Amino acid sequence: MLDLKLVKARIFTMADAPSTAHAMGVLHGRIIGFDDDVLDLPARRTLDCGGAVVVPGFGDSHNHMAWFGQSLAELDLSGCRTLEELYDAVSRFARGLPEDAWVVGSGYDDTVLGGHPHRSGLDRSAPGRAVWLKHRSGHMCAVNSEVLGRTGVLDGSAIVPEGGTVVEDSGGPTGLLEEQAQKLVTALVVPYPVTDLADAIGAASGVYASEGLTHVVEAGIGSGWIGRSPVELAAYVEARRRGLLKTRVQMMAVSDALHPLQSNAADGISFGLDLGITSGFGDDHLRLGAMKIFIDGSLIGRTAAVTEPFCDHDHGNGSFQLSPGELARRIIDAHCSGWNVAAHAIGDSAVDVALDAFEAAHRKLARPDARHRIEHAGMVRPDQLPRFAALGVTPVPQPHFLYEVGDTMVDAVGEERTPWLYRHKSFLDSGVRVPGSSDRPVAAGAPLLGMQSMVTRASSGGATLSPQERVDAETALRAYTVDTAWMAGEEDRRGTLEPGKFADLVFLSAHPADVPPHEIGQISVLATLLDGACVFGHGYIEKLQSTASSHPIPTLRGTEHATP
């Protein structure tokens, strides 16, 4: 007997055959078959879908889950339009906190505010308190004098990490810390308690399920300015144990967490995590992915490493997080020790460094099965495109950046280089996949919004950025299903709806190809199923439940109240 049977549905499998179906059977969390193969089989639960659209669960190949979950409890600065408005928001937020609590905010955008918050303004807004405001890019932050004093910046005792900058003006430090200099602040608060991180992960997971996400890649845990705790993996295990995790998660280990290892010379394992743990370790719900290494900064912060200077900023050509030689050494050592590598490279100069390192790694040890990737690949020259395919390197850009910060990126690089920004069709034409991702919380993370940006390439200012890079809705849907599964090395288990694969499903109010391109983001996620169990949309599913069914559709523990 089947555990679950869907009938009268518009099922789009994203597989070759069948590409569409009207009925589907599920047993023990796996798909058994479609249409005539399952229609006559008895089932404990039957859903009469009434023509609802069903597609594979969505994936996000690059997000920051714990960061986003923590930001849900922080002061949201994304709506501030002026510095005075930001200072007022900080003051109001501070008044509601305990006396010794930090004022932590996130999501401010200096290009909207007209500049970064200055420590003097933050001092006035929250006198005597520690104030820490995180830029929307994550690559810089603004702090007040209290924090600068605790870090040792004010008395000159601070040692600024390589690849970081403490910005100064005529009055000394402004409070702006760029890139690795943020470690001066995180050192005061990290590590966060595992229990708190598990709560944040659970909060993020609930949002993800409501958007149809059934698998995400956490793009950096364990160390560096992006890490929340040296034992961050334990927080994901705790979230799962407590029934808070409603999505499958693959986690990248930040390169700073890896270290030299001693093994038999024949093993070739010289760099990694203790016990030889490497990419692929884990199970179908929690798995270790690539090693994450930061090569440069961000375009909106003008710290990305570019071959020609920025057009509108005094940062010149941006900067590298470490020397190109050290970056290449870590990539080569990780590759030779069995890791997949995810290289954060946004500017075209950083992309050169990443591609050169991957080429050198393959020369030292051929690994044709490796799935190396370049995170963001924000600005890619035409001559770099064929190198991705030749080296088997996958770009992981964030399409919704085009809408949220596309106009700012154009200002930074100029019209001549605009066609190089966050490419899509050019990559496909070069023979490489382009998995969907968001970089949340840097940008909104709903997959349907990302698909809309792939199809329209519209900016919030009304411009269309490089229309020749647009793709159709079917390709966009494939990016967030088939290609995200492939990027994670799990195409044999998910990404398409086929017999034997996970019953990870999303019920939609419409198919992305059936609405105008600018309305794809408005499609409603009606319900999300993971392993055939409802993680979002219980009220909707209950309405579909056939009166012939004697048992309700199960829910994952901890999700009983996640109704639309």
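Biologist: Leaving aside its neighbours within four places in sequence, which residues is A370 in contact with?

Modeller: N340 and G392; contact here means heavy atoms within 4.5 Å. This is a predicted model, where local features need pLDDT of at least 70, side-chain atom pairs count only at pLDDT 80 or more, and totals for chains, interfaces and linings use all residues. Residues are numbered from 1 along each chain as its sequence is written, and side-chain values use heavy atoms, with hydrogens and water left out.

Biologist: Where is A370, and what makes it buried?

Modeller: A370 sits in the loop between α10 (348-364) and β21 (373-376), with helices (H or I, at least four residues) and strands (E, at least two) taken as DSSP runs numbered from the N terminus. Its relative accessible area is 9%. Buried means under 20%, exposed over 50% and partly exposed in between (1.4 Å probe, protein chains only), so A370 counts as buried.

Biologist: How far apart are the C-alpha atoms of A370 and N340?

Modeller: 5.9 Å, though the two residues are 30 apart along the chain.

Biologist: On to the rings. Why is the pair of F68 and Y208 called stacked?

Modeller: The centres are 5.8 Å apart and the planes make 15°. Rings of Phe, Tyr and Trp (its six-membered ring) pair if their centres lie within 6.5 Å; planes under 30 degrees apart are stacked, over 60 edge-to-face, the rest tilted. So F68 and Y208 pass on both counts. F68 belongs to helix α1 (residues 65-71) and Y208 to helix α7 (residues 194-210), so parts 140 residues apart in sequence are tied together. Both F68 and Y208 are buried.

Biologist: What is the mean pLDDT of the protein?

Modeller: 95, with 96% of residues at 70 or more; pLDDT is the predictor's confidence in each residue, from 0 to 100. Over residues 558-564 the pLDDT is below 50.
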